[in-house]
Amino acid sequence: MKQYKNVFIFDHPLIKHKISILRDKNTGMKEFRELIEEITTIMTYESMRDVELVPVEVETPLEVTTQYRIAEDSIAIVPILRAGLGMVNGVHKVFPTAKVGHIGMYRDEETLEPHEYYCKLPEGIENKMVFLIDPMLATGGSACDALNALKKRGCKKIKLMSVIAAPEGIKAVAEAHPDVPVYVSTLDRGLNEHGYILPGLGDAGDRLYGTK
């Protein structure tokens, strides 16, 4: 998807290795959940490359020096329920003090259209760097609606992270929200008639939580 300057697709051997295990239908719930977290952690390092730093004075055993830290209370994680919850710990491993909000979306099984049913965000989120996370970027409908919800509440600095994406989802988000960087670990072939990503990994929420 080189035509979209706001889209970043990872091409890392370690991620490819973990994705191959993630896809396997015989991979159990515990390992699936751990892999989602591990992939998210790897992605978070790269997606935080341009996060703003502030100078701080630090006293080492030898002298006082000026160093740089991410500003306190400047990062928020917003998973799209429910599958997005599986990525939260992966971000927290990199930045454990990030506040967490939640956006609940459900997809109409007939029209495939997303609908918001829940939104609870940290105070002052309009001033934070927001990481919107969802393992699967399929049609892009839920992601676009969640981005609209965040922007409606004043958020100006948002990044979207997904583990697996279809070209249809990338196109929808990149064109509707060209100001939002989109980070994806793996770009798949496309969608089937039911809106599922191929080859994909099945329903991420079901595989994370053992539901059907």
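In the predicted model, the side chains of Arg153 and Glu116 form a salt bridge, with an N to O distance of 3.7 Å. The pair ties together distant parts of the chain, 37 residues apart. Arg153 sits in the loop between α4 (141–152) and β10 (157–165). Glu116 belongs to strand β7 (residues 114–120). Arg153 has a relative accessibility of 33% and counts as partly exposed. Glu116, at 38%, is likewise partly exposed. Elsewhere, salt bridges with shared partners join Asp73, Lys99 and Lys128 into one network.

The search of the whole structure returned 13 salt bridges. One of them pairs Lys18 with Glu38, and the closest N and O atoms lie 2.8 Å apart. Lys18 is buried, because its relative accessible area of 14% falls under the 20% cut-off. Glu38 is partly exposed, with a relative accessibility of 31%.

Helix α2 also carries Glu37. The side chain of Glu37 meets that of Lys93 in a salt bridge of 3.5 Å, N to O. Lys93 lies in the loop between α3 (85–92) and β5 (99–100), 56 residues from Glu37. Glu37 is buried at 15% relative accessibility, whereas Lys93 is exposed at 52%. Lys93 counts as exposed because its value of 52% is over the 50% limit.

Nonpolar packing was examined next. The largest nonpolar core contains 33 residues. Within this core, Leu22, Ile75, Met161 and Val163 touch the most other members. At least two core residues come from each of α1, α2, β4 (75–81), α3, β8 (129–133), β10 and α6 (204–209). Helix α2 supplies the largest share, five residues.

Leaving out residues up to four places away in sequence, Ile75 touches Met48, Val51, Ile70, Phe95, Ala98, Lys99, Lys128, Met129 and Phe131. Two of these partners, Lys99 and Lys128, are also members of the salt-bridge network with Asp73.

Terms used. Residues are numbered from 1 along each chain as its sequence is written. This is a predicted model: local features need pLDDT of at least 70, side-chain atom pairs count only at pLDDT 80 or more; totals for chains, interfaces and linings use all residues. Side-chain values use heavy atoms; hydrogens and water are left out. A salt bridge is a side-chain nitrogen of Lys or Arg within 4 Å of a carboxyl oxygen of Asp or Glu. Buried means under 20% relative accessible area, exposed over 50%, partly exposed in between (1.4 Å probe, protein chains only). Helices (H or I, at least four residues) and strands (E, at least two) are DSSP runs, numbered from the N terminus. A nonpolar core is a set of buried Ala, Val, Leu, Ile, Met, Phe, Trp, Tyr and Cys residues joined through side-chain atoms within 4.5 Å. Contact means heavy atoms within 4.5 Å.
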